[in-house]
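Subject: Structure handover

Hello,

Here is the structure I said I would pass on. My notes on what was found in it follow below.

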Amino acid sequence: MSGPKPVLDDFHWALRTEIYRHVAETTEAPSLEALAAWAGRTHTDVLEALDALEANHHIALLPDRTGIWMANPFSATPTAFPVDTPRGLFWANCAWDALGVPAILGVDGWTETRCAGSGEPISFGVRGGERQGDDGLIHLVVPPRHAWDDIGFT
Amino acid sequence: MDGWCARRALSRGAIMTLDQCWSMAQGWYAGRLEPGWRGRSPAAAQAILEAAGLNGPFWRMV
């Protein structure tokens with residue numbers, strides 16, 4: 001998306017907070033209908049506000065714009081990075097976010113996945129507040145400053 | 001890693017260890033569930049990366 005980013009107002013920030021609250025408490029992203037009901041606004045109003053949040057890199061919508069895809073570090077759809085926590089099973093967007101989930105929630109979290117390079121199983125996470133498990137390496141292809149150029153690829 | 005890049009026709013990027021990632025993630029995601037969260041400046045993000053030892057052109061936020 002090009003051009004100046006939309007300015008966010010109190011409604012946008014409240015919507016963002018509600019999305020994160022919902023995911024953190026339920027492990028799932030709220031539907032657009034649920035957000036409209038929460039806000040007391042129309043589906044169109046909510047979708048326009050979500051567009052503004054996406055343009056400001058706070059959330060990502062599904063490619064068909066029918067729902068929330070990402071509220072980093074959380075993914076609303078299953079990924080290769082499940083994070084098992086005392087608050088339930090969350091999906092992380094990438095290896096970085098697999099450790100982002102315990103960081104944002106302030107809880108332990110554990111991920112069982114496979115190394116993208118070798119295909120070997122890898123197990124890592126946070127226990128007792130400490131990073132534990134395999135000593136893998138994360139290879140980032142996209143510099144962080146360009147992460148939102150194509151967040152799905154990133 | 002080079003084979004993984006070659007199979008996808010991608011250039012090699014940057015590497016961080018899982019320990020670095022955990023160190024960085026704690027700062028990166030601090031406060032994001034709070035109602036008062038209003039984003040972070042590129043300079044603040046840069047400081048978080050550098051505190052985890054993630055330096056160099058790849059990690060520049062601007």
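Between the two chains, 26 residues of chain A are in contact with 25 residues of chain B, where contact means that the C-beta atoms of two residues, placed from the backbone, lie within 7 Å. On the side of chain A that touches chain B, α1 (10-26), α4 (95-105), β7 (121-127) and β9 (137-140) of chain A each supply at least two residues. Of the elements, α4(A) gives the most, with five residues. Helices (H or I, at least four residues) and strands (E, at least two) are DSSP runs, numbered from the N terminus. By residue type, that side of chain A divides into 18 nonpolar, five polar and three charged. Ala, Val, Leu, Ile, Met, Phe, Trp, Tyr, Cys and Pro count here as nonpolar, Asp, Glu, Lys and Arg as charged, and the others, Gly among them, as polar.

This is a predicted model: local features need pLDDT of at least 70, side-chain atom pairs count only at pLDDT 80 or more, and totals for chains, interfaces and linings use all residues. Residues are numbered from 1 along each chain as its sequence is written, while chains are lettered from A and ligands numbered from 1 in the order in which they are written.

Strand pairing also links the chains. β9(A) pairs in the antiparallel sense with strand β1 (residues 14-17) of chain B over four bridges; two strands pair if DSSP finds at least two bridges between them. Leu137(A) has Thr17(B) as its bridge partner in β1(B).

As for chain A itself, it has four helices and nine strands. Their order from the N terminus on is α-α-α-β-β-β-β-β-α-β-β-β-β. The radius of gyration of chain A is 16 Å, close to the 15 Å that the globule rule gives for 154 residues, so chain A is as compact as a globular protein of that length. That radius is taken over C-alpha atoms, and the rule is 2.2 Å times the number of residues to the power 0.38. Along the principal axes, the C-alpha atoms of chain A fill a box of roughly 45 × 35 × 25 Å.

Next, the helices. The axes of α2 (residues 32-39) and α3 (residues 43-55) of chain A come within 9 Å and cross at roughly 105 degrees. Axes are lines fitted to C-alpha atoms, for helices over the stretch in contact, and angles run from 0 to 180 degrees between N-to-C directions. α2(A) and α3(A) are therefore roughly perpendicular to each other, a label for angles of 65 to 115 degrees, with under 35 counted as roughly parallel, over 145 as roughly antiparallel and the rest as oblique. Leu32(A), Glu33(A), Leu35(A), Ala36(A) and Ala39(A) in α2(A) meet His43(A), Val46(A) and Leu47(A) in α3(A).

Two hairpins follow. Strands β1 (residues 60-61) and β2 (residues 68-71) of chain A run antiparallel and are joined by two bridges, with Leu61(A) opposite Ile68(A). Six residues lie between these strands, and Arg65(A) in the turn has a positive phi of about 60 degrees. A second hairpin joins β2(A) to β3(A) through two residues; here Ala71(A) has Phe74(A) as its bridge partner.

Lastly, Asn93(A) lies in the loop between β5 (88-92) and α4 of chain A. With 25 C-beta neighbours inside 10 Å, Asn93(A) counts as buried; the cut-offs are 20 or more other C-beta atoms within 10 Å for buried, 12 or fewer for exposed, and partly exposed in between, with C-beta atoms placed from the backbone. Not counting residues up to four places away in sequence, Asn93(A) touches Met70(A), Asn72(A), Pro73(A), Ser75(A) and Thr79(A).

Regards
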